[in-house]
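Thanks for coming, everyone. Let's walk through one model together. Please have the viewer open.

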Amino acid sequence: MTLLNFASVLKKYLFIISIFCFGFTPLFSQVIDDSTQLVYGPKTTLFTTEENIKNNIEQYQVIDTSLEKTHLWDPVALTDYRYQNLGTVGTALRPVFYQTPDVIGKRSGFSAYDYYIKTPDEIKYFDTKSPFTQMRSVLGGNYRAYIGVDFSRNITENWNAGFSFRRWTVDKQIGPLQSRGDLNVISHSYDISTDYRSPDRKYQVLFNFTRTFHKVNETGGIRDSAEIIVYENLFGYDDEDINLRNAQGGELRQQYHLYQQYKLNKLLQFYYTFDRTNQMNLFLNSGPTDATDVDYFDQFLLRTDSTTDLTRYVYVQNEVGFKGEIGSAFYRFYAKRKDIRFTGKYLQTVNATAENYAGGYFRFAPRENWQFDANAEYELSGNYKLAANLKIPFLTVSALSMQFASPFFYEQHFGNHDYWRNNFGSERVQQLSGKLDIRWKDYIRFQPKLDLKIVSNHMYFDTEATPQQSSGTATLLHPGVEMKARLGAMNLEADYIYTLKEGADADLFRIPEHFLNLDLYYSKVFEDRLEARIGIEAHYKSTYFADDYDPVTQQFYLQNYFEVPGYMFADVYASAKINTARLFVKFRHFNQDLTAGGYFTTPYYTGQERILDLGVTWSFFD
């Protein structure tokens, strides 16, 4: 981070501090009664989710006002570094550890921007005694910024409505043409939602609409002409040259969602769900043969003056079911139909597919902290999902058996730089996970864990960045441990995962052997008004051949030419809470240059350089 950038961020920080300090008077004057006590606040603002409503979990939750994640805003950090990105906020993401998809049917095949897109199941439905507004603003070094606004209020006792808005703007970390304004990412997202319950509590309806446009000005990574990779020569950040200057990628997604239920009695209720999703992924290049870009592309199949690759995935889904409770047991059965259309700008045909499902869910909770649940779903083409979970006070166990269809994009694509046509079968996964929970008073919590996955007929992108399907099997074993320790105001949290791979397809899964998160912090409440937290976070991955990224197809793919070195980076942070306002300042990657000039997240994409972030989250209840 340059001195100029640091000064700019510091001035913004002081400005926010001044607002924060001089704003104490209105902060403490929110909705009080004659005894000057706050009437409305976090404890009177409750929310639930559609999943809870659908599964008859009636308890509403209090909004989170803790400092636990206040200092986190980078999606990779928010997921405990279980995702790999292209070095900066807003860029493409993929899971570090193998994950199964959410659905067993046909998907689009594009998931690099899924994290940034708010889906209907993430919507919170509030019960507010007063209007509720929450604003979050983050100003990061190198002109990285985030702003989020959430609003909700009860129109009547049984009717609530709300909306939210999010915006990311992130300048390029590598190879910017100017000190400010050469954007790497710009993203806008908003949603509206409402829920209504009849006075007799028998009928309830939920509706939401979400829209996200996520745009990335692709860099293609650092341009390196050296025959032998010298990592220290690639940490020039602003001074590095990049492979693409004219390329943009992105995704537009619009989602409509409706849920209705009617309660005949406790034993029998009916529900109906409607979904319509429109997803468009695109890659544009206004000058693919310019000197800045031409070396990046292997071939031109349609034209050389520009590239416009576009795909669209649209589906309408209807689900109808019935559910009920018998004592401590809950059941739900449903039938579902999904009509899908997948098209590409240069594809000759429109892929129209209809999928029909049947499924069920069962839960048994005989006492507090004891629960067993299971769910099953079957699609008429033969794909299926069977899952079960057991939770008791000292043990959590989950099992999964799943077979899912190949994505549309993996099977056919025709663009300016790529073409393929495949006929893939389904991928199969067997998974077993367990975690022990051992506690000693309030001082130590020790959680050994184990995750076993057996993956067959895996679909992936090979070293030529084209889709393939294996015919073998891989076994992925992840033993690990989570630990929390506290002594007075000092706290230590750790999470370690070891990876062992076996089988003919083991090399298709590029996962670091060692994975570690650490958080050492001091936390204390002063005079019942000010809560503070000061700490150091660290993350480590061992050396491995991390997947590379193809911005043209928005896919991560296998590579054998760039071994991402093992590296531990550390952040220093401080956060504070006064009434309904939370403030943080964070010094990212403060150990840069101590052992190396930086680190890599993806081949030729450097991780976050040393930089200062600060932000405020403020909640209002009037």
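First, a term: two strands pair if DSSP finds at least two bridges between them. Strands themselves are DSSP E runs of at least two residues, numbered from the N terminus.

Some ground rules. This is a predicted model, where local features need pLDDT of at least 70, side-chain atom pairs count only at pLDDT 80 or more, and totals for chains, interfaces and linings use all residues. Residues are numbered from 1 along each chain as its sequence is written, and side-chain values use heavy atoms, with hydrogens and water left out.

How confident is the predictor? pLDDT is its confidence in each residue, from 0 to 100. The chain has a mean pLDDT of 92, and 94% of its residues reach 70 or more. Residues 13-32 fall below 50; that stretch still has 36 contacts in the model beyond near neighbours in sequence. Contact means heavy atoms within 4.5 Å.

Now the strands. Strand 9 covers residues 183-197, and strand 10 covers 203-217. They pair antiparallel, over 13 bridges. One example: Ser193 has Asn208 in strand 10 as its bridge partner. The two strands form a hairpin, with five residues between them. Arg201 sits in that turn, with a positive phi of about 65°.

What does strand 10 join through 15 bridges? Strand 11, residues 247-263, again antiparallel. Here Thr210 has Gln255 as its bridge partner.

Next, a pocket. On a 1 Å grid over the protein atoms alone, a pocket is an open set of points where a 1.4 Å probe fits, with protein on both sides within 12 Å along at least five of seven lines; lining residues have an atom within 4 Å of a point. The second largest pocket is lined by 39 residues. Nearest its centre lie Lys124, Gln134, Arg136, Tyr146 and Asp150. Elements giving two or more residues to this lining include strand 7 (144-156) and strand 9. Strand 8 gives the largest share, eight residues.

Last stop: Ser575, in strand 33, residues 567-578. Is Ser575 buried or exposed? Buried, because its relative accessibility is 5%; the cut-offs are under 20% for buried, over 50% for exposed and partly exposed in between, with a 1.4 Å probe and protein chains only. Leaving out residues up to four places away in sequence, Ser575 touches Leu67, Glu531, Ala532, Arg533, Leu583 and Phe584. Lys69 is 506 residues from Ser575 in sequence, yet their C-alpha atoms are 9.5 Å apart.

Technical notes
Helix = DSSP H or I, 4+ residues; strand = E, 2+ residues; numbered from the N terminus. pLDDT = per-residue confidence, 0-100.
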